[in-house]
Amino acid sequence: MNTISHLECSHTGERYAAGELHNLSKAGFPLLVRYDLEKLRQGWSRDWINNAPATMWRYAPVLPVTKPPSIVSLGEGMTPMIRAKRLGEQMGASNLWVKDDGVNPTGSFKARGLSCAISMAKELGVTKVAIPSAGNAASALAAYAAAAGMEAHIFMPRDVPQANFIECKSFGAHVTLVDGLISDCAKLVAANAAREGWFDISTLKEPYRIEGKKTMGYEIAEQFHWMLPGAILYPTGGGVGIIGMWKAFEELEALGWVTGKRPKMIAVQVEGCMPVVRAFQAGAERSEFFENASTVASGLRVPKPLGDFLILRAVRESGGTAIAVSDAEALRAGMQLASQEGIFAAPEGAACVAAIPKLLASGALEPDEKIVIYNTGAGLKYLEAYSTRYPREAGGESDKLGGLVTPR
Ligand SMILES: *Cc1c(COP(=O)(O)O)cnc(C)c1O
């Protein structure tokens with residue numbers, strides 16, 4: 001079904017065998033999956049994609065699962081690419097698009113990575129999985145583990161959005177709420193995994209989530225008829241989306257399916273947690289731990305991404321940039337996107353909307369280039385955050401009937 005050749009350390013290039021369980025490389029870096037793309041190039045055509053399933057598994061030949069029954073799918077991927085004409089006019093961007101991953105199972109793009117990771121865990125005989133998560137990865141893991149009949153152990157900050165907590169409990173996962181950040185949750189998973197027999201599905205500590213997420217890059221290419229856009233704005237926490245899309249573009253070039261310039265990759269963060277923006281501005285190769293990280297965009301609350309060097313490399317090689325906005329700007333932009341386009345985005349995706357006017361003003365974006373805002377999640381998962389924008393205490397703004405006739 002696929003042509004997986006081996007796994008490779010993202011830093012040293014050291015090779016590892018496919019078909020075995022892996023976490024980080026011996027040198028402590030994420031592993032990347034490599035395929036025999038030359039062989040695939042001979043035996044697979046982009047013209048066949050139309051007939052493939054309407055999920056991310058349409059790209060199965062470049063995904064790591066070797067036996068089709070291993071696939072655990074809830075219909076993830078092939079999400080809409082929507083032209084944002086009215087918003088674009090307001091912002092002075094004439095070719096603006098929103099890729100809406102909020103419609104995925106469990107309401108975020110995390111479904112892509114976890115569908116792939118759980119499918120591989122199933123193929124390799126895993127029965128118990130564990131994850132530290134800022135929120136949505138936990139929900140997605142819990143859902144796919146439930147669908148696969150696996151035991152899921154979840155560690156998340158006590159103040160995660162309520163939706164994430166309720167979802168995980170409903171999916172039957174074992175949930176531990178931690179007084180701390182995702183980095184503290186990760187330490188707990190690492191300390192207990194071996195003794196408890198859990199396979200650690202932490203961001204980039206297992207090689208297959210990134211493979212699921214790279215399908216975002218394949219879909220963008222397909223939805224634009226194999227012509228890549230000028231720029232992609234991506235809300236960056238662990239950065240797996242950027243790393244994955246960059247890998248997708250490399251593979252698509254090797255397959256001969258796309259040519260020409262790759263998109264400018266723009267990493268969007270929030271002022272309450274902006275380690276990648278700081279590293280980008282400092283010209284550094286790695287990020288520094290961001291102290292006291294705090295933001296309503298819970299998916300962006302990653303104080304020190306493990307794959308920071310890969311994110312920074314993709315952003316720089318692409319001629320992109322990194323930028324932060326405030327939580328208030330993100331929520332306001334989320335309301336603007338919703339009212340202009342009918343898309344209710346997570347604050348993470350909304351942060352990208354807020355970045356557009358700044359990037360147009362600085363010249364990092366051109367008014368007429370094709371710009372894609374990657375919305376990673378559904379606004380409905382963040383009712384606490386958006387509630388601050390819409391108070392409804394008795395006698396408040398929303399209670400006034402204005403000129404309406406009162407029914408008797
Ligand atoms: C996890 C998450 C992010 C960050 O994703 P990365 O690819 O790890 O940077 C962004 N938005 C939402 C909604 C998330 O859940």
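**Ground rules.** I am working from a predicted model, so I kept to its limits: local features need pLDDT of at least 70, side-chain atom pairs count only at pLDDT 80 or more, and totals for chains, interfaces and linings use all residues. Residues are numbered from 1 along each chain as its sequence is written, and side-chain values use heavy atoms, with hydrogens and water left out.

**Entry 1, α3 and α4.** I looked up helix α3 (residues 110–123) against helix α4 (residues 136–148): the axes come within 9 Å and cross at roughly 40°. Helices here are DSSP runs (H or I, at least four residues), strands are E runs of at least two, and both are numbered from the N terminus. Axes are lines fitted to C-alpha atoms, for helices over the stretch in contact, with angles from 0 to 180 degrees between N-to-C directions. The two helices are therefore oblique to each other (under 35 degrees is roughly parallel, over 145 roughly antiparallel, 65 to 115 roughly perpendicular, the rest oblique). I noted the crossing of α3 and α4 as right-handed (near helix turned clockwise from the far one by less than a right angle; anticlockwise is left-handed). From α3 the contact uses Lys-110, Ala-111, Leu-114, Ser-115 and Ile-118, and α4 brings residues including Tyr-144 and Ala-148. Contact means heavy atoms within 4.5 Å. Sorted by class, this contact has nine nonpolar, two polar and one charged residues. Nonpolar covers Ala, Val, Leu, Ile, Met, Phe, Trp, Tyr, Cys and Pro, charged covers Asp, Glu, Lys and Arg, and the others, Gly among them, are polar.

I then followed α4 to helix α5 (residues 162–170), where the angle is about 15° and the axes are 9 Å apart. That makes α4 roughly parallel to α5, and their crossing is left-handed. On the α4 side I found Asn-136, Ala-138, Ser-139 and Ala-142, which meet Asn-164, Glu-167 and Cys-168 of α5.

Back at α3, I checked α7: their axes come within 6 Å and cross at roughly 130°. α3 is therefore oblique to α7, and the crossing is right-handed. Lys-110, Arg-112 and Cys-116 are among the α3 residues in this contact, and Arg-209, Lys-213 and Met-216 among those of α7. I got four nonpolar, three polar and six charged residues.

A pocket is an open set of points on a 1 Å grid over the protein atoms alone where a 1.4 Å probe fits, with protein on both sides within 12 Å along at least five of seven lines; lining residues have an atom within 4 Å of a point. The largest pocket holds about 670 Å³, a volume being the space filled by probe spheres set on points joined across faces, edges and corners. It has 44 lining residues, with Ile-182, Thr-203, Gly-237, Gly-238 and Val-302 nearest its centre. α6 gives the most to this lining, with five residues. I count the lining as 19 nonpolar, 18 polar and seven charged.

β1 (4–9), β3 (31–35), α8 and α10 (308–317) each give two or more lining residues. The classes are six nonpolar, one polar and six charged.
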